[in-house]
Amino acid sequence: MKFAFAGIDFLGSVFDGLVEAGWSPLKLFTRPCDGIYDHNDVIVAQARRHRIPIQLSRVLPADLDALNREHGRDWALVVAGYPWLVRGWHGKARFALNFHPSPLPIGRGPYPLFRAVLDSYESWGVTAHTLSENFDTGDILAQDIFPVSPLESHETLLAKCRMAGRRLAVGPIARSLPDLWRRAEPQGDGSYWPRVNDADRTLDFRKEVAEVLRKVRAFGTIETIARLGESRVYVAAAEGWTEAHRLIPGSVVHRHRRHVVVAAQDGFVQLTRWSPVPLAEAGQIGR
């Protein structure tokens, strides 16, 4: 099967899986990335290796028309981690499908991984579904469900989603897409999770240590926000322990080099990787 791919490195493992299964790439639709939170250098390198065209602007019906004129209708449009809704593919491609990093219909929306950790889900997954007129609502083709650890982090869950996406691509999608397409199941009612904001990322030291650390893990290198006195800092990693005390939650009780210990409701949280400026402004990961 020939395919055009729309996405970035986030779920670029889908591209890899399809190629491994013998599919032939036709074109890459991607977008500019900041190189901090979003990346496309790996998928662009893959496209160059396969000598296929690369487009950074949004997929428009005219782009699909061009692919149809050159390759006919016997190809698939595969979307994975692409921020723009793609319409107008009917009659131009045989199939159009999206890979979404949640066990749909749970977790529709731009990036559900944070809340999956915050809400302590015991299992998670990646869903391949038909491309519809609305985000993440198409009929389900296949899912890969996996367990979530009580100590899951954003980074480990992201790795699991990437691995699950590749398994879906190289397995049921590459082997059985026509049959899956005929048997695709409507999602029914589901939940939509909007994009997180700064309030969602802010640590509340009035909470228990376990809850504070879960929020730190949920965002990982995307960073949570902590208020230390009059200052606001951006936290990428923290540890902690429970211990009875009478200190005011949020109080800074100890500093050693770059480590800062803050009182929480039932113990202490030690900020081990943090910065007074967010990673997006600092332009680098090192601290």
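Colleague: Which residues in α5 do those in α1 meet?
Modeller: This is a predicted model, where local features need pLDDT of at least 70 and side-chain atom pairs count only at pLDDT 80 or more, while totals for chains, interfaces and linings use all residues. Residues are numbered from 1 along each chain as its sequence is written, and side-chain values use heavy atoms, with hydrogens and water left out. Contact means heavy atoms within 4.5 Å, and helices (H or I, at least four residues) and strands (E, at least two) are DSSP runs numbered from the N terminus. From α1, Gly12, Ser13, Val14, Gly17, Leu18 and Glu20 meet α5 at Arg162, Gly165, Arg166, Ala169, Val170, Ile173 and Ala174.

Colleague: How many nonpolar residues does that contact of α1 with α5 have?
Modeller: Ala, Val, Leu, Ile, Met, Phe, Trp, Tyr, Cys and Pro go down as nonpolar, Asp, Glu, Lys and Arg as charged, and the others, Gly among them, as polar. The contact of α1 with α5 then has four polar residues, three charged ones and, for nonpolar, six.

Colleague: At what angle do the axes of α1 and α5 cross?
Modeller: Axes here are lines fitted to C-alpha atoms, for helices over the stretch in contact, and angles run from 0 to 180 degrees between N-to-C directions. The axes of α1 (residues 12-20) and α5 (residues 154-182) come within 7 Å, and the crossing angle is roughly 30°.

Colleague: Which residues in α1 are buried?
Modeller: Buried means under 20% relative accessible area, exposed over 50%, and partly exposed in between (1.4 Å probe, protein chains only). What covers the buried part of α1 includes α2 (41-49), α5 and the strands β1 (2-7), β2 (24-29), β4 (75-80) and β5 (95-100). The buried residues in α1 are Gly12, Ser13, Val14, Phe15, Gly17 and Leu18.

Colleague: How many disulfides does the count come to?
Modeller: A disulfide needs a pair of cysteine sulfur atoms within 2.5 Å. For Cys33, the nearest cysteine sulfur is that of Cys161, 18 Å away. The count of disulfides comes to zero.

Colleague: Is Cys161 buried or exposed?
Modeller: Cys33 is partly exposed, at 25% relative accessible area. Cys161, at 0%, is buried.

Colleague: Which residues does UniProt list for "domain: Formyl transferase C-terminal"?
Modeller: UniProt positions are in the numbering used here, feature names are shortened, and annotations may be inferred rather than shown by experiment. UniProt's unreviewed entry gives residues 197-273.

Colleague: What is the C-alpha to C-alpha distance between Phe205 and Arg227?
Modeller: Phe205 is in the loop between α6 (198-201) and α7 (209-219), and counts as buried at 5% relative accessibility. Leaving out residues up to four places away in sequence, Phe205 touches Arg227 and others, including Val212, Pro249 and Val269. Phe205 and Arg227 are 22 residues apart in sequence, and in space the C-alpha separation is 9.3 Å.

Colleague: In which strand does Val269 lie?
Modeller: Val269 is buried, with 0% relative accessible area. Among the residues it touches, not counting those up to four places away in sequence, are Phe205, Leu213, Ala238 and Val260. Val269 lies within residues 267-275, which form strand β12.
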